[in-house]
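Here are a few notes to read alongside the model.

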Amino acid sequence: MNNNVAWIIDDHNERVIAIGKGLSFGKQAGDNVTLAEIERIFTDDKKVDEISASMRQALENISADTFLLTEEISDQAAALLSIDKFDDNHFLALADHLNYAMKRSDTDTIDYPENLRWEVKKLYPKEHDAAVDALYLIEKKTGVRLPESEQTFLTYHFVNAQYDSDINIQTKKLTELVNRAVEIIQYHYQTLLNQNSVNYIRFVTHLRYFILRQINHENDKIPKIDEQLIEVVKKNYRKAYQAAEKVGKMIETTQNCEVNTDELFYLTLHIDRVTQRQN
C-alpha cells in the first residue's frame, strides 16, 4: 500500500495488513517479510477486505513514524487505564486522528467549547489524565505542541477504547446525557450544584455508569434491593426519589430502555448526597 503498510499472507494463509517502518521499501509482490520488520498486524473477525474499505485511505496516508508514536501512546494509555491493549479499530482511529492533528498543528485548529472541556475532564478523570500524558509524549518525541483542545479529543478516544467495538458507545452522546440529567436535578431542586465538590465528582461518576448500564441493558450488575427498603427510601427521600424518576424517564425515552427500581434506589441516594452536601 506504501513503504510502511502492506498486505501480507500469514502462516495460516490468511490475508492481513502489516505495518512497519520501511516494511515494503524495495519489495515486490511475492517477496518475504520477516516478523522483525513488522510493528503491528491487523486482523478482524470480518474479512480483511472490509478493513480495507473503511481504512485504506487512512493507512495509505499515515507515516510509519505516526504508527510507532500511536503504539507508544496507546500502550501508555492502556497501562494507565488498566486495559490489555487497544483493539485494531480503536488503534487505527487513534492513528488517523494523530496524523490529522499533527498536520494541522500549525494551521487552523478545531476546538471544543470551554464548558464541554470542563465536563469531559470531570466525567473522565483517568482518561483525561491519559490524554494529558499523551500530549507530553507527543511533544517529547516530535517537538510538536498540540493545542489544549486535543485533551478532549484524545479523552474521547481513550474512553472509546475501553468498550467493545460492537457496542461503540458515543462518548459525546454520553456527556450530553449526563449534562441533561444534571440540568433536570438542578431544575427540580431550583439550585446550582457545586461542580468543584468531591460529592459532585462522585455523583457524575455514578451517573455515567448508571447511564451506560441502561444503554447496554446491564441492570443485573447492581445488587438487588429489598422492596421494603425501597419503600422507606421513597418516603424518607421523597424529593430525591422524584428527581431520580425524572432522570430515569429521560433515559428511558431517549435510549429505549427500562430503568428498574433498584437503579432508582441507588440514584436517589446519590442525588440526596450531592444536593444536601453542597459545601
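1. How many bridges join strand β1 to strand β2, and do these strands run parallel or antiparallel? There are 5 bridges between β1 (residues 5-9) and β2 (residues 15-19), and the two strands run antiparallel. Strands here are DSSP E runs of at least two residues and helices are H or I runs of at least four, numbered from the N terminus; two strands pair if DSSP finds at least two bridges between them.

2. A word on the ground rules. This is a predicted model, where local features need pLDDT of at least 70 and side-chain atom pairs count only at pLDDT 80 or more, while totals for chains, interfaces and linings use all residues. Residues are numbered from 1 along each chain as its sequence is written, and side-chain values use heavy atoms, with hydrogens and water left out.

3. Back to the bridges: Val5 has Ile19 as its bridge partner in β2, and Ala6 is partnered by Ala18. Together β1 and β2 make a hairpin with 5 residues between them. In that turn, Asn13 has a positive phi of about 60°.

4. Now for some helix packing. The axes of α8 (residues 198-215) and α10 (residues 238-255) come within 10 Å and cross at roughly 40° (axes are lines fitted to C-alpha atoms, for helices over the stretch in contact, with angles from 0 to 180 degrees between N-to-C directions). That angle makes α8 oblique to α10, as angles under 35 degrees count as roughly parallel, over 145 as roughly antiparallel, 65 to 115 as roughly perpendicular and the rest as oblique.

5. Who makes this contact (heavy atoms within 4.5 Å)? On α8 the residues are Leu207, Phe210, Ile211, Gln214 and Ile215, and on α10 they are Val247, Ile251 and Gln255.

6. Finally, the whole structure holds 2 aromatic pairs (ring centres within 6.5 Å; planes under 30 degrees apart are stacked, over 60 edge-to-face, the rest tilted). Phe86 and Phe158 form an edge-to-face pair, 6.1 Å centre to centre with 75° between the planes. This pair links distant parts of the chain, 72 residues apart.

How values were computed. Contact means heavy atoms within 4.5 Å. Rings of Phe, Tyr and Trp (its six-membered ring) pair if their centres lie within 6.5 Å; planes under 30 degrees apart count as stacked, over 60 as edge-to-face and the rest as tilted.
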